[in-house]
Amino acid sequence: RGELPGPPGGPPPGAPRFPPPGGPSFPPPGAQMAPPFQHRNHPLEGGMHPGPPHAMTHFPPRHMGNTQAPMIPQQPAAPVMMPVPIPMQTPPVPTAMLSAILESTKKQAEAVDLESLPLPQKAPKRRKDPKKLRTGGGKVWEDQSLEDWDPNDFRIFCGDLGNDVNDDTLARAFTKFPSFLKAKVIRDRYTKKTKGYGFVSFKDPHDFMQAMREVNGKYIGNRPVKLRKSVWKDRCLLVTKKKEKEKKRLGFR
């Protein structure tokens, strides 16, 4: 069935490939043998190991036997001796010297006239100006910024101001009125950013009313300003107490 004939002198076609037990030795005489095993760069015997370097095996050749290095017993480590602190001993002070020191200290204390020493005086408590006391949100505080404003002016509250608006920008919008006094943008104490509102004051009530009509809704910076009458006088503590008394007199709660 398409079987190839065997080599000359070999077994006939159809014969078993391997000889049965007790038969002739294999391979037959005259057959070509593979080259002997060569070691290539072996780490234990310095020979050559077959194959590329990445195919190097960590198993030693059989003819080398046990190649494990003998175990060297380790010597026990010597105990570490920690230095013992030596307490410092102060030399004793003679009794005569202590008596002399106490005596001199006593004489210095007697020489000082305690009545002549000035007594510590407390700083006088500053009395708050009732006109500067403001109230709001259940709290009372003293507003020192009221000193910068005329108490008899006509003041406008300017709301919806951007962070780019400063005192000069706000003042330029109202300098065309003759009785213009001052413009102030309120800023945060720590971040120095605007709180979004400010105040403008006038001496003449006619300029006050004209500014309310003309400037309200105009752009100051990058936002249109919203104006209304300032009620800073209603936050004064004296005015608040006066209104509460008037409400109680009229029977309001």
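# Notebook: a sheet, a hairpin and a pocket

**Entry 1: a starting pair.** I began with Ile156, which stands opposite Val200 in β5. Before going on, I noted that the model is predicted, that local features need pLDDT of at least 70 and side-chain atom pairs count only at pLDDT 80 or more, while totals for chains, interfaces and linings use all residues. I also noted that residues are numbered from 1 along each chain as its sequence is written, and that side-chain values use heavy atoms, with hydrogens and water left out.

**Entry 2: the whole chain.** I looked up the elements next: the protein chain has four helices and eight strands. Read from the N terminus, the order is α-β-β-β-α-β-β-α-β-β-β-α.

How much of the protein chain is buried? I found 19% of its 253 residues in that class. Here, buried means under 20% relative accessible area, exposed means over 50%, and partly exposed is in between, with a 1.4 Å probe and protein chains only. The accessible surface comes to about 21,900 Å², and carbon and sulfur atoms own 59% of that. These areas are from the Shrake-Rupley method with a 1.4 Å probe, and for residues only the protein chains shown count as cover.

I checked contacts too (heavy atoms within 4.5 Å). Among those with a separation of 6 or more, 50% link residues 24 or more positions apart.

**Entry 3: the open sheet.** Back to the strands. Four of them make an open sheet in the order β4-β5-β3-β8, with antiparallel pairing. Strands pair if DSSP finds at least two bridges between them. From one strand to the next, the twist averages 25 degrees. The axes behind such angles are lines fitted to C-alpha atoms (for helices, over the stretch in contact), and angles run from 0 to 180 degrees between N-to-C directions.

I then went through the pairs in the sheet:

- β4 and β5 run antiparallel and are joined by six bridges; Val185 has Gly198 in β5 as its bridge partner.
- β3 and β5 are also antiparallel, over six bridges.
- β3 (residues 154-159) and β8 are antiparallel with four bridges; Gly159 stands opposite Lys226 in β8.

I also looked at cover in β5: seven of its nine residues are buried, which leaves the strand mostly covered.

**Entry 4: two hairpins.** β1 (residues 133-136) and β2 (residues 139-142) run antiparallel, joined by four bridges. In this pair, Thr135 stands opposite Val140 in β2. Two residues sit between the strands of this hairpin, and Gly137 takes a positive phi near 65 degrees.

The hairpin of β4 and β5 has six residues between its strands. Is Lys192 buried or exposed? With 55% relative accessibility, Lys192 counts as exposed.

Entry 5: I located Asp160 in the loop between β3 and α2. Its relative accessible area is 32%, which makes Asp160 partly exposed.

Pro178 belongs to the loop between α2 (167-172) and β4. Pro178 is exposed at a relative accessible area of 75%. I looked up its distance to Phe202 as well: 24 residues apart in sequence, 8.7 Å apart in space, C-alpha to C-alpha.

Entry 6: The largest pocket has a volume of about 810 Å³. Of its 25 lining residues, Asp143, Ser145, Ile186, Tyr197 and Phe199 are the closest to its centre. Which elements give two or more residues to the lining? They are β3, β4, β5 (194-202) and β8. β4 gives the most, with five residues.

My note on terms: on a 1 Å grid over the protein atoms alone, a pocket is an open set of points where a 1.4 Å probe fits, with protein on both sides within 12 Å along at least five of seven lines, and lining residues have an atom within 4 Å of a point. Points are joined across faces, edges and corners, and the volume is the space filled by probe spheres set on them.
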